[in-house]
Structure formats: structure tokens, C-alpha cells
Amino acid sequence: RASNSNIDSRKKIENSLKQSRKLYHDLVEQSQSIVLELDSYGRIVFINRFGQDFFGHTRDELCGRQVLGLLLPEKDCSGRELQNLFSTLFKHDSDAVFNEVEIVRKNKTKAWLSLALSLISDSPDQGRGILCVGIDITTKKAAEKLKEDVERIVRHDLKSPLIGIIGLPRIMLDADNITDRQRKMLKAMEQAGMQMMDLINQSLTLYKLESGTYEYQPESVDWLDIARRVASDLKTLKEFKQAINILVDGLPAKEDIQIIIPGDATLLYGMAANLLKNALEASGEKTVQISFSTGDPCSMEIINAQSVPNSIRKNFFEKYITSGKQSGTGLGTYSARLATQAHRGKITMKTSETNGTIVRVELPHQFNIEQ
């Protein structure tokens, strides 16, 4: 007894599959990106020709070996464990994960990769491996570092001539032959120079915060006095004529009251200046209020009667987020968030058409410099 069946359709599918695999193989081998295939245990199953040349290893040297510690580091540039990212892909079948890693090649030279990780699966509910596609961004990273170094040097070099500009009015103020009007102008010049010095210092500190090189070394500072100086400095600007009320625990702040907290005075000044300036710009002619609550944590709320536009509410503290300001950079609230985080604090924003906007900063009242 025998049975015959027509398998033309199956053969066509097999041939088509072979052609597709060959095309995929040719594309991967000709790619100018690193293509790595890992099994479910993180072992190397495949690496394309570009990847072999980039790392300086042959395919025979790599296949079957753990990728972490050999080709890729244990952690990416943000400190995330790559092994945890692998596990997350298998457990949750999440979308592709993108990160940047610094690697060391066989010849001991260092390089940077932009890495995309995605799950390889034979069925919707089961993964069999991980696909890693890496792009060499070493040149881009070097250009970014050069730009940052140049900007940092320029900021530093600006401070030297500025010290002379600030010192000259002080010397002239000691003279006996100047009028009251000239004395007022010299004090304004000195104050403007000090504000510029503060801005340069803030810019340097912001760079350190972004690059992760800032070292938090708190000192005892009067947060209330900092807020008073910020309010006084901003009131000297022509565009701000609104009233600024300062409260402590619900009562008008008296001259002899202090709020001593551990912190960096330069960072706290910049944070308060950015938040208060935003509130003044948004308030129209209405009063802006600075309200302190003592305790631990100690808090400062900056309140204005206008609401934040809907378009930027969700991303209020992110970089380059601005709305309706021709000269706005979108860095004020972003730098305030970085300054708050550096102080181990918390910053939030609430806004509505009926109650206006409240930006609240909470900072520890006691010294605690644990990282």
C-alpha cells in the first residue's frame, strides 16, 4: 500500500525561506554596524564581519562565550546592569532598549557604542535570544567632550577679567569726590558684575550636575536670606514691577528670621532665581508669593496666579521646555530640578486655571551627605 501527495507548495515555501535567509545573511554581513546574536543565557551565537573587525576577535574566538565582560561591559553609561536589561526583555517582551556603552577592544583601545537590544522570538510568547545592534559613536562622543571642555574653559576664563570689573567700582566707591548719583551707578555696576559671576558659577555647576561630576559638600546657609536676595535682585530689573510677598509658616517674614539648612548657596540662589523669574514672567501684574514652611523637610513654594500652558505641563521640568517666551531657553526649571536633586530634595508643580501655579521645593533640614 502506498500514498502519494503533491509537495510543490511546501518546496516553494522552503526555497523562498532559503532565499530570505541568504538575503538576510548577506545584508547583515555587509552592514557597517555591529550585529550580535545572543542566546537566552547571554552567550554569543553570531557576530557579523564588521563586528569581528571592530572588536578584533574572530568568530571562532567568540561563539559560545558570555558577551558581558568580553565584548560588552557589565553596566551601560547610566549605571544600568545589562544583565537586568536582558532579563527584562525575556520576561516582558518589551520594545527595543537603547543605551550607550563604553567598550574595550582586543587591542586595549576604548570606544563608544550606541546599542539597541531587542528580543528574537519564534513565537509571540517565547523568546530564544537577543539581537544586539551597535553603532560606533566614538567620534561623536569625542566631539561632545571637546565642546564641553571648550565651554568649561571659556566659562572659567571669563571669571578672571570679571573679577577686575567687579573690583573697580569698589575702589572708586572709596573716593571722596563722587556724587550720590555716581555712587548709585557704581553700586549698580558692582551688583551687575556679581550677578554675572553667579551666572558663570551656576553654568559651571550645571555642567557638573549633568555630567555627574558634581560633589555635594553642604554648608549651613540661610535659605530665607537667599530668597530675599533673589527677590531684591529681580526687582531691580525694569520688566518686573509686581509685588513679591515672602511668608514663613503662613506669616510675613520678619527681618530677624532665618531658615538655616545644609546646602550649596550658589545652587540654591540659581534655583530660586530661575523659579521666581518664571513666576514673575507668568504672573502679569499680579503678586507673586514665596512661602516657606519650616520643619524637616523644609519647603519653599513659589506661587503665582496664572496657570501653566497645557502643552508643557507634563514636561515642565525637562530640558528646553518653554512656551510663549521669545527669549526663553527652557533651562530654568530643568536646572532647578538638577539643583534640587543635588540637595537630595524633591521638586513638584501643581497648576490649574482657578488656583494658579505652585512650584514646591522640599529640602532636608538636617545634614545628610550620604550619596
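This is a predicted model: local features need pLDDT of at least 70, side-chain atom pairs count only at pLDDT 80 or more; totals for chains, interfaces and linings use all residues.
Residues are numbered from 1 along each chain as its sequence is written, and side-chain values use heavy atoms, with hydrogens and water left out.

**Overall make-up**

- The protein chain has 10 helices and 13 strands, where helices (H or I, at least four residues) and strands (E, at least two) are DSSP runs numbered from the N terminus.
- Of its 371 residues, 36% count as buried; buried means under 20% relative accessible area, exposed means over 50%, and partly exposed lies in between, with a 1.4 Å probe and protein chains only.
- The accessible surface of the protein chain comes to about 22800 Å², and 52% of this belongs to carbon and sulfur atoms; the areas come from the Shrake-Rupley method with a 1.4 Å probe, and for residues only the protein chains shown count as cover.
- Among contacts between residues at least 6 apart in sequence, 57% join residues at least 24 apart, a contact being heavy atoms within 4.5 Å.

**Nonpolar cores**

- The largest nonpolar core has 48 residues, and those with the most contacts inside it are Trp-223, Leu-276 and Phe-292; such a core is a set of buried Ala, Val, Leu, Ile, Met, Phe, Trp, Tyr and Cys residues joined through side-chain atoms within 4.5 Å.
- Helix α8 (residues 265–282) gives the most to this core, with 10 residues.
- A second, separate core of 26 residues includes Leu-38, Leu-72, Val-97 and Ile-130.
- Beyond its neighbours within four places in sequence, Leu-276 is in contact with Val-230, Ala-231, Leu-234, Ile-244, Val-288, Ile-290 and Ile-302.
- Val-288 has its place in strand β10 and counts as buried, at 0% relative accessibility.
- When residues up to four places away in sequence are not counted, the residues that Val-288 touches include Ala-243, Leu-276, Leu-280 and Ile-303.
- The C-alpha atoms of Val-288 and Asn-304 are separated by 4.9 Å, although these residues are 16 apart along the chain.

**Packing of α8 with α10**

- Helices α8 and α10 pack at an angle of about 145 degrees, with their axes 9 Å apart; the axes are lines fitted to C-alpha atoms, for helices over the stretch in contact, and angles run from 0 to 180 degrees between N-to-C directions.
- From α8, Leu-267, Met-271, Asn-274, Leu-275 and Asn-278 meet residues of α10, among them Gly-332, Ser-335, Ala-336 and Ala-339.
- The residues of this contact divide into 6 nonpolar, 6 polar and no charged, with Ala, Val, Leu, Ile, Met, Phe, Trp, Tyr, Cys and Pro taken as nonpolar, Asp, Glu, Lys and Arg as charged, and the others, Gly among them, as polar.

**Backbone details in loops**

- The peptide bond from Asp-296 to Pro-297 is cis, with omega near 10 degrees, and Pro-297 lies in the loop between β10 (288–293) and β11 (298–304).
- Lys-108, in the loop between β3 (97–104) and β4 (110–123), is a residue other than glycine with a positive phi, near 75 degrees, and is exposed, with a relative accessible area of 68%.
- Arg-344, in the loop between α10 (332–342) and β12 (346–352), also is not a glycine and has a positive phi of about 60 degrees; this residue counts as partly exposed, at 32% relative accessibility.
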